[in-house]
Amino acid sequence: MALLGTLIAIPTTAPTCTATTGPYQRELEHHLNLVEDGTQSPADCEAIRTFQSRENVTPADGYAGLATYRTMLVVEARPNPNKAGHCPIRTYKIACVDLDRQLMWIQQGTRVTFPPVPVRSGRDGYETRTGWHSVYWRDRDHYSDLYDNAPMPYSQFFDGGQAFHGTYADLFQGGSHGCVNLRLADAERLWSALALDDAVFVWGIKPGTQRTLSPATAYPKPLGDPPPAVHTPPPTPGAR
């Protein structure tokens, strides 16, 4: 006699992927070894959606948008983020900030000790300053003195009012007032990975900004070592 109330599992299938062609269609097609025609197909949509699900991109809808493209850059950088050689090789720890690709990592010598993660740097007129810096002040629960007491969790200041810190906003939209924004979980991990006096090196130009910087400014040669840090609060604590 059959038992009443027995639950029967019914197989489910994922809904049909219907996203249209995205602005980064060709880039995702190239990365995923798809036909590079810049036009969304059902196969493209499924492949992009699978990539998004694997890399925790939301929504995982198959659309080749900015968040998916920026995540793709992180994935491509993982094997060797310093392949282009812009971040100096030293025996000590360096936090490397690549404004071109909008990502950062930590390396010591040629060993990557903190894998690349996406960031958001300064917008036009508030550019994140390039060159050598040092972490000189840290505040786990900082709030901006300049911008409406905005939260800056896990702040690690490296130049004037500019700092690494977490953000509750969409990391893939707009730009900061000079700080290097990270997802909250990444900022928390970075807090444990860096310490006072650790070196920071920044280069490149944030995509979408209009200013034209000289090569020497955008891609400074890492001569010497970073300046010694003075452990005092920044003069304008909170560039956000």
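**Figure 1. Surroundings of Gln 156 in the predicted model.** Leaving aside neighbours within four places in sequence, Gln 156 is in contact with Val 135, Trp 137, Arg 138, Ala 163, Phe 164, Leu 190, Trp 191, Leu 194 and Ala 195. Gln 156 belongs to strand S6, which covers residues 151-159. With a relative accessible area of 0%, Gln 156 is buried, because the class takes in values under 20%. The side chain of Gln 156 reaches the backbone oxygen of Leu 190 at a distance of 3.2 Å.

**Figure 2. Arg 138 and the ring of Trp 191.** The charged end of Arg 138 sits over the Trp 191 ring, at 3.8 Å from the ring centre. Both Arg 138 and Trp 191 are among the residues in contact with Gln 156, the residue shown in the previous view.

**Figure 3. The aromatic pair of Phe 158 and Phe 164.** A pair of aromatic rings is described by the distance of the centres and the angle of the planes. For Phe 158 and Phe 164 these are 5.0 Å centre to centre and 50 degrees between the planes, a tilted arrangement. Phe 158 is buried, at 2% relative accessibility, and Phe 164 is buried as well, at 1%. Phe 164 is also one of the contacts of Gln 156.

**Figure 4. Trp 105 and Trp 203 within an aromatic cluster.** The search of the whole structure gives 7 aromatic pairs. Trp 105 counts as buried because its relative accessibility is 0%. Trp 203 is buried too, with a relative accessible area of 1%. Together with Trp 132 and Phe 201, these two residues form one aromatic cluster.

**Figure 5. The salt bridge between Asp 98 and Arg 101.** Side chains of opposite charge can pair when their charged atoms come close. Across the whole structure, 9 salt bridges are found. In the view shown here, the side chains of Arg 101 and Asp 98 meet at 2.6 Å, N to O. The two partners fall into separate accessibility classes: Asp 98 is buried, with a relative accessible area of 3%, whereas Arg 101 is partly exposed at 26%.

Figure 6. Asp 186 is buried, its relative accessible area being 7%. Arg 189 is partly exposed, with a value of 40%.

**Figure 7. The salt-bridge network of Arg 54, Glu 55 and Arg 78.** Salt bridges link Arg 54, Glu 55 and Arg 78 in a network. Between Arg 54 and Glu 55, the closest N and O atoms are 3.9 Å apart. This pair counts as a salt bridge because the cut-off is within 4 Å. Glu 55 has a relative accessible area of 17% and is therefore classed as buried, as the class extends to values under 20%.

Terms used:
Residues numbered from 1 in each chain as written. Predicted model: local features only at pLDDT ≥ 70, side-chain atom pairs only at ≥ 80, totals over all residues. Heavy atoms only, no water. Phe/Tyr/Trp six-rings, centres within 6.5 Å; stacked < 30°, edge-to-face > 60°. Buried < 20%, exposed > 50% of the residue type's maximum accessible area, 1.4 Å probe, protein only. Lys NZ or Arg CZ within 6 Å of the ring centre and 35° of its normal. Helix = DSSP H or I, 4+ residues; strand = E, 2+ residues; numbered from the N terminus. Polar contact = N/O pair within 3.5 Å; in protein donor to acceptor, adjacent residues only side chain to side chain. Contact = heavy atoms within 4.5 Å.
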